[in-house]
Amino acid sequence: MKIGRIFTGLLLALLLAYPAVAEELEAIESIPVGKLKVLALTDARGSATAAILPELSRFPEYAPLFANGPLSVVNRAFYLEDGSRKILVDSGWGLEQQEKKGHLYALLKVAGIEPASITDVLLTHMDFDHIGGLVKDGKPYFDNATLWISQPEYEAWLAGNIQKRPEEKIKLAQDMAAIYKDRIKLFQFGSEILPGITAIDASGHTPGHTAYEIVSGPDKLVIGGDLMHIVEAQLPKPELSAIYDMDMEKAAQTRIRLLQQAVKDKSTFAGMHMEPISPVYERPDGGFMMRQPR
Ligand SMILES: [Zn+2]
């Protein structure tokens, strides 16, 4: 009886502990890009309803997508290692935001990456679900890192010239910028900001929204930031913009331009809120498709 109780206790402890560990391991995916080590880190999972794409009702064939309720949407950051350079692209939710807690810190720990070893953080943009992990207890979490932000993005948030975002999220971005101020480097679209990493104009979602093109050997990876929020509909119908896109028309043009370029370059394409990480293919009807997640 006693032994039985100990076993029950052990099993309970394992069940309580193991799913969390398993979840963290599952949330790390390795992407082959030349000689680089590249990891996709799923910081959190949220959900999205059809209301995110206001024009979706023009395409009734996509209504069944939501037949079983909201879709699951990932929130990702990426880690790139190139020799001594250790780079993060975005930083997830962080621990201090009310709505959700990100797993980025735990994932880095599981992957054996010390926060102090991060040399550079590249931001796709300054929305709260991308910058939250940068600050812990009012201090930089990546305290040796240079923080790279596109000039138009930085200037728009600092001036409060931001559409469709609540006051407190604008303040969160401004506070983060103040905390990192000595180590922020601004860049222009089109510049190679680090060897093999070029900043691509992906504006529309936000004024300085940036995609990163990473080249190593024959391989090319494009990290497209928030180019798509519901990939199941926006890949085949890239003209559909999300309510979160500050300039919906520009966001649609950008989406089409980047996807066309990825097809042409045979790039692997990834994003912060999309599950698939794969090359992009053109569909006969003008839309695009990608491979299902592995
Ligand atoms: Zn986002």
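How many helices and strands does the secondary structure of the chain come to? In this predicted model, the tally is seven helices and 16 strands. Of the 294 residues in the chain, 41% are buried. Contacts with a separation of 6 or more are 67% made up of residues 24 or more positions apart.

Seven strands line up here in an open sheet, in the order β10-β11-β12-β13-β14-β15-β16, with mixed pairing. The edges belong to β10 (192–194) and β16 (288–290); each has a single partner strand, so one side of each has no neighbour in the sheet. From one strand to the next, the twist averages 35 degrees. As background, strands of a sheet pair through backbone hydrogen bonds, either parallel or antiparallel.

Here is how some of the neighbours are joined:

| Strand pair | Bridges | Direction |
|---|---|---|
| β10 and β11 | two bridges | antiparallel |
| β11 and β12 | five bridges | antiparallel |
| β12 and β13 | five bridges | antiparallel |

Moving along, I200 has A211 in β12 as its bridge partner. Then there is Y212, which stands opposite I223 in β13. For finding your way around, β12 covers residues 210–216 and β13 covers residues 219–223.

**The helix across it**

Now for α7, which takes in residues 248–265. With 18 residues, this helix reaches 26 Å from its first C-alpha to its last, close to the 26 Å expected at 1.5 Å a residue.

Which residues of α7 are buried? They are A251, A252, T254, R255, L258, L259 and A262. These residues cover an arc of only 165 degrees around the axis, which puts them on the same side of α7. Turn to the face pointing away from that buried side and you'll find the exposed residues E249 and K264.

Terms used
Residues numbered from 1 in each chain as written. Predicted model: local features only at pLDDT ≥ 70, side-chain atom pairs only at ≥ 80, totals over all residues. Helix = DSSP H or I, 4+ residues; strand = E, 2+ residues; numbered from the N terminus. Expected span 1.5 Å × (residues − 1). Buried ≥ 20, exposed ≤ 12 C-beta atoms within 10 Å, placed from the backbone. Arc of directions from axis to C-beta. Pairing = 2+ DSSP bridges. Axes fitted to C-alpha atoms, helices over the stretch in contact; angles between N-to-C directions. Contact = placed C-beta atoms within 7 Å.
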